[in-house]
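We'll then walk through it together.

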There are 2 protein chains.
Amino acid sequence: MNAIRIALLGAGTVASGVVKVLDRNREEIRRRAGRGLEIVAVAARNHAKARAALGEALPLTTDFAALATRDDVDIVVELMGGIEPARSLVLAAIAAGKHVVTANKALLALHGNEIFAAAQARGVMVAFEAAVAGGIPIIKAVREGLAANRIEWVAGIINGTTNFILSEMRDKGLDFATVLAQAQRLGYAEADPTFDIEGVDAAHKITLLGSIAFGVPVQFERTHVEGIAQLEGADIRYAELLGYRIKLLGIARRTATGIELRVHPTLIPASRLLANVEGAMNAVVVLGDAVGATLFYGKGAGSEPTASSVIADLVDVTRLHTADPGHRVPHLAFQPGELADTPILPMSQVRTAYYLRVRVRDEAGVLAEITSILAERGVSIDAMLQRPSGENGAHTDVILLTHDTIEGRMDEALACIQALDSVLEPIVRLRKEELR
Amino acid sequence: MNAIRIALLGAGTVASGVVKVLDRNREEIRRRAGRGLEIVAVAARNHAKARAALGEALPLTTDFAALATRDDVDIVVELMGGIEPARSLVLAAIAAGKHVVTANKALLALHGNEIFAAAQARGVMVAFEAAVAGGIPIIKAVREGLAANRIEWVAGIINGTTNFILSEMRDKGLDFATVLAQAQRLGYAEADPTFDIEGVDAAHKITLLGSIAFGVPVQFERTHVEGIAQLEGADIRYAELLGYRIKLLGIARRTATGIELRVHPTLIPASRLLANVEGAMNAVVVLGDAVGATLFYGKGAGSEPTASSVIADLVDVTRLHTADPGHRVPHLAFQPGELADTPILPMSQVRTAYYLRVRVRDEAGVLAEITSILAERGVSIDAMLQRPSGENGAHTDVILLTHDTIEGRMDEALACIQALDSVLEPIVRLRKEELR
């Protein structure tokens, strides 16, 4: 059978991984796919850089739009990142009847509904395994492997940069800024790390995971996003004393009233496998009603791990590209006519447990004031720790773990506590999940 | 679209899970699959028992052969276990043009080549996600999710009974027989636990994983099988002191000269995630050249976890059952004409590291004798531990960790050491893997 013909848009890190792995494992991949996978050309702006990344063999072009719609191309692989021109090019490729493989989480989290609808109408596939958790085949696992399940929640370490930073802060007792600088030197963090450290990248990914887990349209704008830039070493150490580790989690949870979609630093029990995922590694836990808890672990970024997922998609698309669209796995796991309009809950309605650190004047009665404010709002306390802080222990840190409560109620309680005379600094509030 | 019509052969634990989950998640599964999944009848020998397990709703029959070939059945689900009559029924179903979903690892490990060839010739699918690691979608991950990779090795905790026993032995310092009895009371071990504790069940599974990882025919007869019945608590404790845990691993590894396929108790570094998989849980690590190490974790047995995989296969088959066979994933991951004849290595040619415990008379020169025998055969020592043993420390246990060597050479060395006058008891020899 003739080789399937692939166009690459973009010639960066992931593209160079795709070229290398397709070349190195050519025979192995052909034996699996039943036919060869051949890159016909690569679109890149800077051809000198592209040559350095990809070698001399492949034809290059600067005309992205022409390549995305060329007659002799079966699959367009979009590896440019960012919204435009990636969005226009993907839509143009779809309109020209090309299947698309993309690693672009931002694009799909923001414009997935438009793109999937266009693909559906044109009868082509848009595959995006590489957009979530790099080399871990988590999209396939949730969409196909766990298709029997009513999925209850998905919780994942889905940003390697922040997990590297948190691991180092805990391991070495360093502060955020020091570790960030070190991560940038080692290549674990970008020169502009905003998307990673502010939780935006993880939010793109949990948006996609939530959609395929629950069969709802992609709704990035309703995903709650909180990063790790404000996190202090003291809280990592206090969490540790209480038997928890702090991870930046993406969480998608089904509740009776709607779906929670949120990214924030989270205390999880130190004994959980997820708590022991260190460095730049990623892992996703999925709780299904039939299967129970499953965990998927691996490299969440990097040239070849991401290429591994891009090529797995290429093999899938190769297999099915001449098949009736009804034979294909739906883009968002559920048939296009079967998506649900389950609401995404605002944070004020999310139910979770909390870690609070309150810096107080060291005097009698303070603790009673705080706990009675919490009690009045039905927030019950699970554990408490008190530690001297400041110079010569001039004040005291009161650390509280609460049981589950509604965030709106916690917000009210915190406003009251913050207003107390004896409370000296802004209260630190983190969320805590038992992941059971 | 009409519902897909399913026949169940068998009405045991897994069948009852399939019935329950299909019923409970009917809507969710239909929204994913694009059509309903309907069980038309169940074949069972004992109808009173079947009614108790499955409820009153489903038609029962005792005529397995008639149900397996009935005109109004699209997919036959074989959940009987054992070789016959399962093998004949599966072949009859295939001959009648039915797709088959099975959880029967023993059948596929022993007769997979015959069954897959028959399915290929008849243009039907045989899906077996439930045959390996229960609810973990590991077959799909290796066969599709990691299709870009040259897989280097697969190592898994793929038998929950033995992992439960090993976890309890380590946690509570109990001996094998005590924990086995407890596991039987709790339902973690069968009344006749032979297949589990002797490693046969794990060997069936690693045989299948090895085939899909490396694209070789199923060869259970060449898989090395060693169980945990001989394992002593002392070795678990010594391993711990040296920073290792003992797990029953199934290992499939590609080497320059052939493929290793083996099941045996294995020391692995305590810091590895795999070492921290406790109780009846399963986990599989796959090392691919592009993706690096990935890990897949979940429940490896039980009614609903196994049903989760059976139903995932049903959804896959439902999607593709009218498609051209060329659009399907090949049974053993590689196209049928593309399987390799790479040899499976005999144990004597396997390369691994070792844990040795030698009980010796407590006298000068013994250690020198042992280490010089090892050195003569090029076996180098990585770590050593010496502990008094016996009443009043009448003798000494010498514990050695070696670097990698060829098993045949280690066998020779052990024969010489065993023959020494100062060696008092049979040497304990376990294998050690760093899983890097």
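This is a predicted model: local features need pLDDT of at least 70, side-chain atom pairs count only at pLDDT 80 or more; totals for chains, interfaces and linings use all residues.

Residues are numbered from 1 along each chain as its sequence is written, while chains are lettered from A and ligands numbered from 1 in the order in which they are written.

Let's start where the chains meet. Chain A brings 52 residues to the contact and chain B brings 52 residues (in contact means C-beta atoms, placed from the backbone, within 7 Å). On the side of chain A that touches chain B, H13(A) gives the most, with 10 residues. Helices (H or I, at least four residues) and strands (E, at least two) are DSSP runs, numbered from the N terminus.

Strands join in here too: E12(A) pairs with strand E12 (residues 292-299) of chain B, antiparallel, over three bridges. Strands pair if DSSP finds at least two bridges between them. Tyr297(A), for instance, has Leu295(B) as its bridge partner in E12(B).

Now for the backbone. The peptide bond from Glu84(A) to Pro85(A) is cis, with omega near 10°, and Pro85(A) sits in the loop between strand E4 (75-78) and helix H5 (86-95) of chain A. In chain B, the bond from Glu84(B) to Pro85(B) is also cis, with omega near 10°.

Finally, Leu435(B) isn't a glycine, yet has a positive phi of about 55°. You'll find Leu435(B) in the segment after strand E17 (428-432) of chain B.

Terms used:
Two residues are in contact if their C-beta atoms, placed from the backbone, lie within 7 Å.
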